[in-house]
Amino acid sequence: MRASSITDPRRADQESRPAVPPALRVSGFTKTYAGGFTAVEGLDLEVPDGAFFGLLGPNGAGKTTLIGSVCNLVRPTAGRIEIFGHEHTTREARRLVGLAEQDINLDRFMNVEEVLVYHAGYFGIGRARAQARARELMEVFDLSGKARVRPPALSGGMRRRLLFARALMHSPRLLILDEPTAGVDVELRTELWEYTRRLHEVGTTILLTTHYLEEAEALCQEIGLIREGRIIARDSADGLRARYGARDIAEVYLRAMAQKPVAEERA
Ligand SMILES: Nc1ncnc2c1ncn2[C@@H]1O[C@H](COP(=O)(O)OP(=O)(O)O)[C@@H](O)[C@H]1O
Ligand SMILES: [Mg+2]
């Protein structure tokens, strides 16, 4: 046996077992809304287990449509979606994914703690465990003092933090953040990113959409560019810069969205 196969657990893993399924595998995903508008057509996307993946694209590109379908909020017209190898509508898949939605939707008649505990109920988490987890997350997101307060009486930043906490109640392996920092002040943005980074470090796969390009560049190992319901490129920030002959990700974005010729066409 070579030394490398002893010291590299992945190698041993690869030799003895089939490959780990990706956190997310989308194939041939199409969504035509009632009324006939096709928002996304034939989209393929794979996000490996443990990745920090950013999905960038203009308003209306289809990001929320895709995410909504992954999380069973939007019914796909065609295609297949798998989460860690489980078909996305299954119980297993639902338990493995957590979503902080773009639009803040919080029950106005439940207080912060109730929002969290109630959400855990969807995942079969018992009341005592849910309450303990809620306390833990309220602590992390600085909401402990607001446990009995209802969403309408929270600040915008607190509501965002509550969405984050809610998404994490069942400790998902894939965390999806749809524009989590839209309209959030710099301080909270920095905090939310820092927390996301820590979750990633402990093994959570992150899929996020954002319009803060420099932050996406700093955080994401890989970036997918989506335009008019199609992924037009995906690579590391370095890879994308090289490909589009751009100085930074903002330039990549502008070129990609304007459909400028890519570097390899010139080569
Ligand atoms: N419920 C809906 N009915 C009809 N069209 C919709 C609906 N939701 C989204 N769309 C349309 O689908 C396209 C993609 O929207 P969306 O997925 O929200 O994009 P993004 O999140 O990238 O901004 C847009 O043109 C939007 O108007
Ligand atoms: Mg959106």
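Visitor: What radius of gyration does the protein have, and what would a compact globule have?

Guide: The radius is taken over C-alpha atoms, and the globule rule is 2.2 Å times the number of residues to the power 0.38. With 267 residues, that rule gives a value near 18 Å; the protein has 20 Å, which agrees. Its C-alpha atoms fill a box of roughly 60 × 55 × 40 Å along the principal axes. Keep in mind that this is a predicted model: local features need pLDDT of at least 70, side-chain atom pairs count only at pLDDT 80 or more, and totals for chains, interfaces and linings use all residues. Residues are numbered from 1 along each chain as its sequence is written, while chains are lettered from A and ligands numbered from 1 in the order in which they are written.

Visitor: How many helices and strands are there?

Guide: Helices (H or I, at least four residues) and strands (E, at least two) are DSSP runs, numbered from the N terminus. Here you get twelve helices and ten strands.

Visitor: How do I read a sheet?

Guide: Strands of a sheet pair through backbone hydrogen bonds, either parallel or antiparallel. Two strands count as paired if DSSP finds at least two bridges between them. In this protein, an open sheet of six strands runs β6-β7-β8-β3-β9-β10, with mixed pairing. β6 (97-100) and β10 (230-235) are at the edges with a single partner strand each, so one side of each has no neighbour in the sheet.

Visitor: In which sense do β6 and β7 pair?

Guide: Parallel, over four bridges, with β7 spanning residues 174-178. Ala100 sits opposite Leu177 in β7.

Visitor: And how do I spot the inside of a helix?

Guide: An α-helix has 3.6 residues a turn, so residues three or four places apart point the same way. Call a residue buried if 20 or more other C-beta atoms lie within 10 Å of its own, exposed if 12 or fewer, and partly exposed in between; C-beta atoms are placed from the backbone. Helix α5 (residues 112-121) has Val112, Glu113, Val115, Leu116, Val117 and His119 buried. Across the protein, buried residues make up 36% of the 267 residues.

Visitor: Which helix gives the most to the shell around ligand 1?

Guide: A residue is near a molecule if its C-beta atom, placed from the backbone, lies within 6 Å of it. Helix α3 (residues 63-70) gives the most, with three residues. Among the surrounding residues are Tyr33, Phe37, Asn59, Lys63 and Thr64.
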